[in-house]
Structure formats: structure tokens, C-alpha cells
Amino acid sequence: MTSPGVDDAVSELRPVTERRLHPVTPLRRAWAPVAVLIGWAVHDPDQAQRQLTRLTTTTLLLALAVLVPAAALYGFLTWWFTHFAVTETDLRIRTGLVFRRTAHIRLERIQAIDVTQPLLARVAGVAKLKLDVIGTDKKDELAFLGEEEARALRAELLARAAGFAPETAHEVGEAPSQRLLRVPPGVLAVSLLLTGATWGTLAAAIVVPTVLWLATESVWTVLATAVPLFGAAGASSVGRFVTEYDWTVGESPDGLRLDHGLLDRAHETVPPGRVQTVRIVEPLLWRRRGWVRVELDVAGSSNSVLLPVAPREVAESVVARVLPGVRVPPHASLSRPPRRAGRCVPLWWRGYGLAVTDAVFAARTGLFRRSLALVPHAKVQSVRLSQGPWERVWGVADVHVDTGANKTVTARLRGAEEAAQLLRGQAERSRTGRKVARPDRWMA
């Protein structure tokens with residue numbers, strides 16, 4: 001029987017087949033030199049305009065004759081010098097035209113692989129792989145691969161990460177997925193219209209520039225204010241609609257599958273066992289319809305939305321699949337802070353609530369836009385109690401629960417004695433929860 005060190009050495013001696021990205025990739029990378037020029041022109045438009053007025057037609061044609069081939073050559077060379085290979089232990093990505101960079105991504109540290117297709121990529125039949133790796137903030141990516149090749153490579157990497165032998169990983173294929181729900185576009189559109197932030201940003205985009213025009217009569221001042229505000233209003237309404245269009249949730253052995261996007265399609269996976277916090281958000285204008293939004297904190301991952309909008313009963317059933325054994329506490333079971341907490345935070349203290357069950361630490365905040373955060377006890381990394389001078393006067397304190405996603409959930413303005421008991425009890429519940437927690441492995 002060979003030792004792990006001998007196995008690693010033997011695997012290193014085996015031939016590794018390197019592959020290149022899809023031939024359409026140079027067209028994407030050729031835009032880099034052009035983007036640099038555009039960035040310079042946007043950064044200093046006056047200087048750019050002066051330089052352009054000095055150029056003759058002949059000079060412009062010569063510049064284009066040099067720039068276009070140079071950009072094409074740059075795109076080709078960056079594609080030519082980019083390789084990737086899958087070994088028995090890691091995924092290797094070798095890049096660099098002048099300065100070489102080789103990334104060794106350990107397969108057992110891969111926790112999510114997303115397949116994304118921007119609009120032009122969908123037309124060209126290619127896709128991009130984005131890898132969430134434990135311990136890294138930035139996603140490594142392979143852009144672009146053929147659509148079928150991207151899905152096959154994703155399935156192989158997930159099978160390897162789940163512990164399947166390299167010889168059988170190709171045969172495993174992509175895990176089957178069963179659709180749980182789909183958000184109708186009409187429901188998504190109505191939910192955005194009933195979101196106060198959308199109308200608040202739009203009102204600010206209309207009122208603020210108008211006031212500035214009456215005060216300064218400066219077109220540049222109005223434009224400098226109006227463009228970002230209208231951009232923010234568009235991002236919170238049209239942008240969200242385009243991103244969350246046709247939102248579909250499916251269940252598979254490797255986690256929940258999320259497919260969405262009108263122009264750019266994204267195929268994401270919520271990693272099993274890596275969800276640190278689930279938030280059920282309930283805007284004021286959604287309550288009459290019984291709608292909620294479900295958000296996530298996943299360790300080392302950028303996945304942040306599980307459901308853009310859904311009936312509360314449906315959302316709770318999906319949450320139960322993300323956090324097995326967890327039941328969302330009803331509103332009636334959430335205890336409010338003592339009335340003296342109103343001396344510290346008038347009115348808004350009524351929106352705070354807390355419930356601690358055998359499975360989760362649940363804290364609610366918000367009066368008009370309620371947000372209920374659920375933290376499984378096994379995901380709690382530390383517990384803290386804080387008490388400011390004014391809180392000490394009224395005998396209240398905050399209990400903070402820190403998770404593995406570098407996020408904090410706070411139970412606000414609890415009685416001082418209750419907060420001390422929460423601190424001691426939560427530390428014990430977290431230790432017990434980690435002992436019985438399911439492994440953070442693919443398909444485990």
C-alpha cells in the first residue's frame with residue numbers, strides 16, 4: 001500500500017494533457033488595448049478632444065492601421081500562451097505573455113463552478129467557467145470554452161472534487177437536476193415596482209438635478225449628478241430585471257442549481273454545506289401579497305441571491321433544502337427587546353426580534369423592510385457581546401454572531417441578563433453543532 005506522498009509523486013510523473021481555450025477567445029482579448037485608449041479618453045476628455053482635433057485623416061487611418069493589427073496580435077498571443085490541464089489533484093491554469101503565471105487549484109478546495117454566457121458568447125456558442133475556491137476572494141475563470149466542453153469540464157471537476165476516481169470522473173457526467181420552481185417575469189416586474197428603493201432612487205434622480213439647476217444653472221453640474229442617480233435607478237430596476245429574468249431553481253446531488261438572465265445567462269450552484277447565513281427579506285409593499293426575497297452568505301463565494309421573489313411558503317420550503325433540518329421561525333415566535341430598548345433606538349426597536357431554536361440563531365431587523373437572518377449553529381465562528389454607555393444605562397446589550405463568510409448577524413438591544421445567557425448558550429450550541437454537522441463535500 002503506497003503512502004499519500006508516493007501517490008502524489010506518481011501522479012506528478014504521469015503525462016498531463018494541456019488544452020487551449022476556444023478559438024473565439026482572441027476576439028475578446030483583442031479589445032484590451034482599445035479599452036485602455038477608451039479609458040484614457042473618458043478619464044481626460046478635454047485632452048483627448050484636443051489630441052483628436054490635431055490629427056488629420058491620413059494620421060487617423062495610419063493609427064487605425066497600426067492599432068487594429070496590434071490588438072489582433074495581442075489577442076492571439078494571449079490566447080496562444082494560455083493553457084489549462086486537469087491532473088489527479090488539481091486544475092492548472094497557465095497564462096502570461098511576458099510574465100508567466102501558473103495557478104494550481106486544488107480540486108478538493110473547489111466549492112462552486114458557475115457557467116456564464118454573456119450575450120455575444122451565447123451567439124458564438126461558447127461559455128465561461130468561474131470557479132469559487134475556498135480561501136480566495138477572486139474567482140479564477142476559463143473564458144471561453146465551447147458550451148458543451150464547458151459543461152463537461154464542470155461535471156468532471158465537480159466529480160473529482162466529490163472524491164470520484166479520475167478514471168470514472170468522465171463517466172459520472174453532470175448530476176441530474178429536478179426543477180423546484182421558476183419565477184414568472186410578470187411577478188418579478190411587479191415586485192420591482194413595489195420596491196421602495198427603486199422609486200426612492202428615481203425620485204432623487206429627478207428632484208436633485210432640478211434643484212441644482214435652479215441653484216447653479218450649470219449643465220455640467222446637473223449632468224454630473226443626474227447620470228449617476230439615473231444609473232443607480234436603472235440598476236435597481238431594469239438592471240435587476242435583466243439579471244434575475246427567468247430565475248429557475250433546481251435541485252441536484254451537488255446542490256441547488258440557479259439559472260437566470262435575459263441577456264447574459266448564468267448557471268450557478270449553491271454549494272452544499274457552505275451556506276453560512278440565509279436572509280429572508282420582506283419589503284413593506286410585498287407583505288400584502290405574501291412575497292419575500294431570499295439572500296445568502298456563502299463562504300468564499302459571490303452567490304448572494306437564492307430567490308428574487310417568491311411566496312413565503314415556497315421560500316421556506318427552498319430554505320429547508322439549503323439548510324436541512326432547519327425550520328424558519330414564524331413571526332409570533334420572535335421575541336422583541338424589552339420596552340426600555342426604545343430609549344436607545346426610538347420606534348425602530350419594534351422591528352428587532354430574536355428566536356433561538358435547536359438548529360439556528362434567528363435575528364430580525366428592520367421596521368419597514370424586515371430582514372430575518374438564519375445562522376445554523378454549526379456555522380457560528382465566534383460570539384460577542386457589546387454594550388455602549390447609553391445601553392448600560394438602560395440595561396440592554398447587543399449579541400453578535402460571526403460566520404465563516406466574514407459576516408455578522410446581530411441580536412439588537414436584548415436585556416443584559418438575557419444577552420449574557422445568549423453568549424454562554426450560543427458558544428455551547430456552536431460546539432455541539434459542529435460535531436454533528438454534515439461534511440462540506442460535493443455530493444456527500
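This is a predicted model: local features need pLDDT of at least 70, side-chain atom pairs count only at pLDDT 80 or more; totals for chains, interfaces and linings use all residues.
**Stop one: Trp286 and Trp291.** The model holds 7 aromatic pairs. Begin by selecting Trp286 and Trp291, whose ring centres are 6.4 Å apart. Their planes meet at 80°, and pairs over 60 degrees count as edge-to-face, so that is the label for Trp286 and Trp291.

**Stop two: Trp390 and Trp394.** Now select Trp390 and Trp394. Here the ring centres lie 6.0 Å apart with the planes at 75°, so this pair is edge-to-face too.

**Stop three: the cluster.** Move on to Phe76, Trp79 and Trp80, which ring pairs join into a cluster. Over which face does Arg20 lie at 3.7 Å from the ring centre? That ring belongs to Trp80. Arg20 also lies over the face of Trp79, at 5.8 Å from the ring centre.

Finally, select residues 60–82, which an unreviewed UniProt entry lists as "transmembrane region". Colour this stretch by secondary structure: the chain is 91% helix and 0% strand here. To finish, draw a distance between the C-alpha atoms at the two ends, which are 33 Å apart.

Note on methods: Residues are numbered from 1 along each chain as its sequence is written. Side-chain values use heavy atoms; hydrogens and water are left out. Rings of Phe, Tyr and Trp (its six-membered ring) pair if their centres lie within 6.5 Å; planes under 30 degrees apart count as stacked, over 60 as edge-to-face and the rest as tilted. A charge sits over a ring if NZ of Lys or CZ of Arg is within 6 Å of the ring centre and within 35 degrees of the ring normal. UniProt positions are given in the numbering used here, feature names are shortened, and annotations may be inferred rather than shown by experiment. Helices (H or I, at least four residues) and strands (E, at least two) are DSSP runs, numbered from the N terminus.
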